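The stops below go from the whole chain to single residues.

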Amino acid sequence: MKSKNVSDLNDAMEYFQLVLNQCRVGHPDHATALTNLAWVRLVGYIQNDVEDIDTTTSLFRDALALRPQHHPDHPLSLYNLTEALNWSHDKKGTAADICEAAQLYHELLPLCPEGTYLGSIVAGENGVDYVIGGCNNLPTDGSDEGIHLRRVVLELCPLGHRLRPRTLHQLAQAVEAQFYQQGNIDDLDTSIQLGREAVSLRPEGHADRDACLNNLAFSLMSRFKHQGNHNDLDEAISLYQEALHLYPVGHEYRDHSLDNLGGALVEHFNQRDDIEDMTRAINLYREALTLRPPGHPHRDTTLNNLAVAFQNRYDKLQVSKDLNEAIDQHRESLRLKRLDNPERHKTLLNLGSALCSHFKETQKTEDVEEAIALCQESLATLSSLHPDRCCSYMWLQKAYLSRYWILHDPADLSLAMENFRLASRHSTQGFPQRIFRAFYWTIAAEQHGHESALEAYSTFLELLDAHLAMRSSATSRREAGAAFHYARTLPADAASCAIRCDNLPHAIELVEQGRGQQWSLASRLRTPVEALESANPALAHNYLGLSKLVSSAAQSSATITDSAAADRAAIEYRRLTRQWEAAVAEIRDLRGFSRFLLPPLYADLQVAARQGPIIIFIASQYSCSAIIVPTSGDPHHVPLPVTLTDLKILKDRFARAIREASQMTPTQSRTDLIVLLRILWDEIMLPIVDVLRHNLKLKYCRIWLCPTAAFTSIPLHAAHPFQTKPDRSGKEPCLEDLYICSYTPTLSFLVRSRQLMKKRMPPSFVAIGQGQPGAGKGKALLAVDSELELVNKLVPATAKHTTISGDAATRAGALEALEQNTWVHLACHGKQDPKQPYNSHFVMRDEDLMLLDIMERDIPQAEFAFLSACHTAVGDEETPDEVIHLAAGLQFSGFKSVIGTLWQVDDSVAQHIVKAFYENMFPDLKDGCAMDCTKAAWALNRATHAVKTTVPLEQRMVFVHIGV
């Protein structure tokens, strides 16, 4: 600046200082004087003639303080202060200046409407856009303050603003950083929502679409690792592939994209076991490594990723060359990584893991000693809440266990189990990883006979329950549960462990907790609360209201197909669930309600045996046995002389024998089936019957069968010796000669059904039949109409009864009938879907009546259902212990007593069973006998005896009773 101009500037500052001295505090022009002096100083600062900006900023602050909200010059003073802060940031780069400017602009913009002078100068590159750009260039800050700033900046970018996509990305990164600090899944969901909006604002062809694709894919991968939803992984791969197409050979960012897609494919390999994924991932990493030669700042990252791929391939194929290459590349990656690199802990862990694998090959103790040191170093670098501490604990466990195998030092075994415990209970890691750790804890504890085995089983079941509770729909809960297919027998294994520890009550508690989890989770929202309503009506009202909201959110989310909408629904569902859980916690603080909705204790479960003993069948890889829960007193353990392998063979033989029998004529001998029923009697049911008869002194009474795992596919109720008594006085009795058999999915099902029995309504009976289901829905069932006529004749005249058939037997008509009647007889095609059991259905005239349709109905007044249809009481192949079938669905909706079928029913033969059943159910028809659904098991027992000469063996066995 010319000396004359500088002189003018100094003169102006002196003049405005004199004016300010004349307009002291309290003077009406004091704020104006402050502003004038500040502006002339700011001009000098801009022109590099004044070095001090802090005094200028202070003057503008004082002026603003004198012009509060609603003062006509308040907007102008806000703008003046932002200008000083912007110039200060421009020259000094101080983050605090641009952050404060953003907060001021958040207040200023609404005060500057379009068309005004102030509105024209605050908009544009030198105004708000400068502030937005400055904030977007700040480092990622995952603190509450940092995220608040990012949200403020986003509000400065309305829809259509050119900087909104970048601002969305910056907020997404801050929120995701907070997730890695605190482990709150809501943060990750929010990050994904922001990423989806950013992608939508940069459509195909946009120059910056690639960055948005990669950012969203990264967040989806993070959520996949935390929650295990395969849809996230598949979407991430698709996004990474699209991004890679935007980075052709020679593009400066191609190396990043190659690395990203390679990582996603490695995860896909780990989930789907397709070696092609791993081969492709390694090829991508190799190409990326050529683009990151020695000296490249990101070479260490690609080396680590390539090493992980080789290590995963080694785990699959056991080729030593892969492991050696993994170790070499991990070491090189670690050498290149700075000590302050935030990803260094991962390379430490990965190298430690590879060395543990190498130790198994070489048995060199230096490998495992180094692995322990690396894992401990990794752990020391992580904050107490960092999700990756879980991985550090896990690899420390592996290292200690490896050393224990060589040195047999009990201290190493204890340290290994303690790290299993820490990994499983690390709250900020996602449930899938923790469940996986707990599962391997159970295996290691069993293998080494460690005392923590029972704790490991309990931890697994608690974590799985919590994980499934976070899924909003029944279908998504089942899919999430099926992902842990490797732990299919764990509830039975847990019970077996408790049995071996001589703790039968706990064995019963564990098998109850692990069996039927889908039903347990769903039924929590329908728990009767009469006692709570008496103790605290307000809490009961709040709990019931929240239960309805959670249930409604679950039902609405089940129909959502759009990914963004599904994310929003998931966040809302979790929000409501947290409120519901808080209400439950408040209820548990009440005296007498400390166990509200917690897994029941043995004393609670024994109530289920009030009308007769319950026999729980434990099919474990460690032992097979039965536990008899008596009406009172301690449970009885019955060891069985079979193994899990024996049961699986027996199950398959039964399936084959029943298929073959269904092709026979009624007069042909069912030899194979008879042989199997004799084996079933001798090796499984006879030891139990001996305890019932000789220890418990029980004769011809009701018993309930509660099978687990492989037992669920075996017709236990049909066990038969098929032999003559030693004294030739007649044939030896079979199980159903000695006892009246019923099944129950869980003990809690029985308890809940009996609770609901307290509220009974006048009986009403509906017979629903569909013998002409329509094209493509199965063959015509010619006997359906005559079966309905027969049933109507046998139902007491005192009961209101109706018939729905033909064109009236639609999905809607059947649902309405189920809701309006207490007794139901259903004759139609039944279809059990062995892969996706919630798709199981009854075939109606128009649409199928789905299991999910039935589950969504809450019909507490319902009492009895006879399902004269195929496959209505058989579960699915993947999760047999969940007992997901049509009969269980009806029981869940409110029916206390259900008769279902285990396999295909011959509708012409079924009429004989139906007739005999209702004749025994209502023997005094003319006298208008009472309708009591608790007689159904006895009536079925009598019916199968009555038709021995007219109905083939497999068709007599097919009907089973479930419930009270």
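The tour that follows names what to select at each stop and says what is there.

**Before selecting anything**

This is a predicted model, in which local features need pLDDT of at least 70 and side-chain atom pairs count only at pLDDT 80 or more, while totals for chains, interfaces and linings use all residues. Residues are numbered from 1 along each chain as its sequence is written, and side-chain values use heavy atoms, with hydrogens and water left out.

**The whole protein**

Display the C-alpha atoms, which fill a box of roughly 135 × 70 × 60 Å when taken along the principal axes. Switch to a cartoon, where the secondary structure comes to 41 helices and 14 strands; helices (H or I, at least four residues) and strands (E, at least two) are DSSP runs numbered from the N terminus.

Of the 964 residues of the protein, 55% count as buried, where buried means under 20% relative accessible area, exposed means over 50%, and partly exposed lies in between (1.4 Å probe, protein chains only). With a surface shown, the protein exposes about 41500 Å², of which carbon and sulfur atoms supply 52%; these areas come from the Shrake-Rupley method with a 1.4 Å probe, and for residues only the protein chains shown count as cover.

Among contacts (heavy atoms within 4.5 Å) with a separation of 6 or more, residues 24 or more positions apart account for 70%.

Colour by charge next: there are 94 positive and 118 negative side chains, and the centres of the two sets lie 6 Å apart. Lys and Arg count as positive and Asp and Glu as negative, with His and the chain ends not counted, and the place of a charge is taken as NZ of Lys, CZ of Arg, CG of Asp or CD of Glu.

**Stop 1: Cys 23**

Select Cys 23, in the loop between helix H1 (3-22) and helix H2 (30-46). At 11% relative accessibility, Cys 23 counts as buried, and, leaving aside residues up to four places away in sequence, Cys 23 touches Asp 29, His 30 and Ala 33. For a sense of scale, draw a C-alpha to C-alpha distance from Cys 23 to Leu 336, which gives 64 Å in space for two residues that are 313 residues apart in sequence.

**Stop 2: two residues with positive phi**

Move to His 70, in the loop between helix H3 (54-65) and helix H4 (74-92), where phi is near 80°, a positive value in a residue other than glycine. His 70 is exposed, with a relative accessible area of 79%.

Then select Asp 502, whose phi is near 60°, again a positive value in a residue other than glycine. Asp 502 lies in the loop between helix H24 (490-500) and helix H25 (504-514), and with a relative accessible area of 72% Asp 502 is exposed.

**Stop 3: salt bridges**

A search of the whole structure finds 36 salt bridges, a salt bridge being a side-chain nitrogen of Lys or Arg within 4 Å of a carboxyl oxygen of Asp or Glu.

Select Glu 370 and Arg 331, whose side chains meet in a salt bridge at 2.7 Å, N to O. Glu 370 lies in helix H18 (residues 365-380) and Arg 331 in helix H16 (residues 320-336), so the pair ties together parts that are 39 residues apart in sequence. Glu 370 is partly exposed at 27% relative accessibility, and Arg 331 is also partly exposed, at 36%.

Go on to Asp 853 and Arg 811, which form a salt bridge with the closest N and O atoms 2.9 Å apart. This pair links distant parts of the chain, with Asp 853 in helix H37 (residues 851-855) and Arg 811 in helix H36 (residues 811-820), 42 residues apart. Asp 853 is buried, with a relative accessible area of 9%, whereas Arg 811 counts as partly exposed at 23%.

Arg 857 and Glu 856 are another pair to select, with side chains that meet in a salt bridge at 3.9 Å, N to O. To see a network of salt bridges, select Asp 189, Arg 223 and Asp 232.

**Stop 4: a positive patch**

Which residues form a positive surface patch? Select Arg 693, Lys 697, Lys 699 and Lys 725. Patches are made of residues with over 30% relative accessible area and no salt bridge, like charges being joined within 9 Å and nonpolar side chains (Val, Leu, Ile, Met, Phe, Trp, Tyr) within 5 Å. Finish on Lys 725, in the loop between strand E4 (702-707) and helix H33 (735-738), which counts as partly exposed at 31% relative accessibility.
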